[in-house]
Amino acid sequence: MTTFKTSFSRRAAVKAAMAFGVGLAAAGAMTATTSTGANAADPVKVGLMLPYSGTYAALGEAITNGFNLAVEESGGKLGGRDISTVKLDDESDPGKAVQNANKMIKGENVDLLVGTVHSGVAMGMVRAVKDSGTLMMIPNAGAGPATGQLCSENVFRTSFSNWQPAYPMGDVAYDKGYRNVVTMTWKYGAGEEAVAGFKEAFTKRGGKIAQEIYVPFPNVEFQANLTEIASLKPDAVFVFFAGGGAVKFVKDYAAAGLKGSVPLLGSGFLTEGTLQAQGDAAEGILTTLHYADTLDNPKNKAFRDAYKAKFGKEADIYAVQGYDTAQLFQIGLEAVGGDMARKDELIKAMEQAKINSPRGDFTISAAHNPVQDIYLREVRNGENVVIGVAAEDLSDPAPGCKMATN
Amino acid sequence: MDFTFFLIQALNGVQYGLLLFLIASGLTLIFGIMHVINLAHGAFYMVGAYLVWSLTGVFDSFVVAILASIVCAAALGWVIERFLVIHLYNRDHLDQVLLTYGLILVLNEVQRMMFGSDVHSVAVPEAVRYSIPLTDMMSYPVYRLLLAGICLALAVAMYWIIQRTRLGMWIRAGAANREMTASLGIDIRRLNALVFAAGTALAAFAGMIAAPLSSVYPGMGDNVIIISFVVVVIGGIGSVKGAFLGALAIGLTDTFGRVLLPEMSSVMVYALMAAVLLWKPNGLFARA
């Protein structure tokens, strides 16, 4: 064993050294080509740092498609400048976030960094652009601090904060007459922030949280907790789950016989992109979110038709967020005539922007998060049907953000 | 917690434990007999789920799809053993880890290319698509009970094959001393291929029958590989009996841990593993 170890480490060390040398040479070559000139004829370089593999790969792809669609609709240019994109798979790995972001910022010298889905990775990116001052736009990750405590001049978000879609559900639940609610989610940032949002609104009105259940992420064995819910007999259950876990939870909930007796409420991601797999088990679930596929407005119809024609599949919320990322950037670039050097003016224009989005018009808060309507949706016949607006022009309170207080 | 709910939670724990056993048994079999650490075991679990999902669409019958999937999975295991794993028998565990880790990446990528990144589900067969009411609010899906029964039956079958049949005797002999067994005229290469194919089929089968309960999604195998290793380590690496008791212990610990000590629930099973290893450093039923 020992002989093997030493021989391996020697071999590995040599290999690593060689790889490192090659990497250095490549990095040198890369900066050499990109630093030769950045005049107005060159395209604006956008770095898409998104998950292109793993659990979130479908989301990364939808965001990219949405972004490209918006660019294409304005003739391949934004603000009169050609757009070139570089893609980087962030692997949803927070451990590599800062390193990958720096690859985009320093290695590729991007003008705009777009990313990402995973909140942990997004926070790493926020830290990286805080040092470099690079313009960054978050097309999904809902981590509160990105437009809260760690908010920053050069960081915008075109999606939501985790608090945002969950908070209005607190009022909805109370208005439905529920007084005693159990919450359940994975023990991780997004889930905890969503539950906190729900709880804030619900308890403010006088509702009571019977129990907050947290399941280790990304564990999908829920049976023990469902049994616990049955023993607590609450008026309703509020949950935050997404993706494969959301499918399993909704099916388990129905199979345990709880569906008929305890209404299930959720932040909208519970039933986004999962309805087909959830089937009948999802019928009747109420969720709140800033978008719904079935949203009835001309912009949404046009967007969905164009998306389907181009990519051969239905658009989803992630595609909308990618689309709006490009739209917001376009507003900024147009205001400065495509001159990325006038960054302060570009940021100012984006702050004052009104985005004509498939989700309905929205504006940008002082903390750089969307101020948007949150819709109340119910699952009917396998679709998220909009049954009302749960909150109009809802703005994230952005606790701890210095830009929001003055 | 009143007594009824205590019983239901115990049922949850046992049922979860039995499923864990099914997943982990192939892993411990491959390690115990072939001395190969197979990190790709979770990926085989995913392969099983995707196979049954796609074949249910073809055959329109869950049972037929499962039978066909088992054949496919065993064939996959056989091919992987013949062309890849066969080179590892005389190598260090680290080389085995590298190869089987590579297999995870390859299988995940193949899955993405063939099936995309969407979440899918497999319908529970019509005949068992109902629940038995247990309390005024809670009922228990019959499919879960059926699953527990299947796992139990497989555990008994495995025990019988390994302890009571000639094939089992060869397998045990091969595990104890490979050279000696080969010199007695037993084709150890074919035995290895058989065991690896069986181990792969077991992991895939677990993925298949769990598919209707769960959902079918990319990377689903990554979540089960860690807990499978915990089961195998607690039970004693290579011991099927140990894996069975280890899996039940983990199922019950996890279930009651969530309800009684929710703040600690994520570390409970690892605490159990640490405690067992302090008491018996080689696991409950380590081979001498």
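Two residues are in contact here if their C-beta atoms, placed from the backbone, lie within 7 Å. The model is predicted: local features need pLDDT of at least 70, side-chain atom pairs count only at pLDDT 80 or more, and totals for chains, interfaces and linings use all residues. Residues are numbered from 1 along each chain as its sequence is written, with chains lettered from A and ligands numbered from 1 in the order in which they are written. Helices (H or I, at least four residues) and strands (E, at least two) are DSSP runs, numbered from the N terminus.

**Helix pair in chain B**

- Phe44(B), Val47(B), Gly48(B), Leu51(B), Val52(B), Leu55(B), Thr56(B) and Phe59(B) of α2(B) meet residues of α3(B) that include Phe62(B), Ile66(B), Cys72(B) and Leu76(B).
- Helices α2 (residues 41-59) and α3 (residues 62-83) of chain B pack at about 135 degrees, and their axes are 8 Å apart. Axes are lines fitted to C-alpha atoms, for helices over the stretch in contact, and angles run from 0 to 180 degrees between N-to-C directions.
- α2(B) and α3(B) are therefore oblique to each other (under 35 degrees is roughly parallel, over 145 roughly antiparallel, 65 to 115 roughly perpendicular, and the rest oblique).

**Contact between the chains**

- On the chain B side 34 residues are in contact with 35 residues of chain A.
- Elements of chain B that give two or more residues to this side include α1 (3-34), α4 (93-115), α9 (220-235) and α10 (240-260).
- α1(B) gives the most to the side of chain B that touches chain A, with five residues.
- The residues of that side divide into 15 nonpolar, 15 polar and four charged.

**Strands around β14 in chain A**

- Strands β11 (residues 286-289) and β14 (residues 370-380) of chain A pair in the antiparallel sense over four bridges, where pairing requires that DSSP finds at least two bridges between two strands.
- Tyr375(A) in β14(A) stands opposite Leu289(A), and its bridge partner in β15(A) is Val389(A).
- β14(A) also pairs with β15 (residues 383-394) of chain A, antiparallel, over eight bridges.
- The hairpin of β14(A) and β15(A) has two residues between the strands, and Asn381(A) in the turn has a positive phi of about 50 degrees.
- Strand β13 (residues 362-364) of chain A is joined to β14(A) by two bridges and runs antiparallel to it; Ile364(A) stands opposite Pro370(A).
- Five residues lie between β13(A) and β14(A) in their hairpin, where His368(A) takes a positive phi near 75 degrees.

Definitions and conventions. Nonpolar A, V, L, I, M, F, W, Y, C, P; charged D, E, K, R; others polar.
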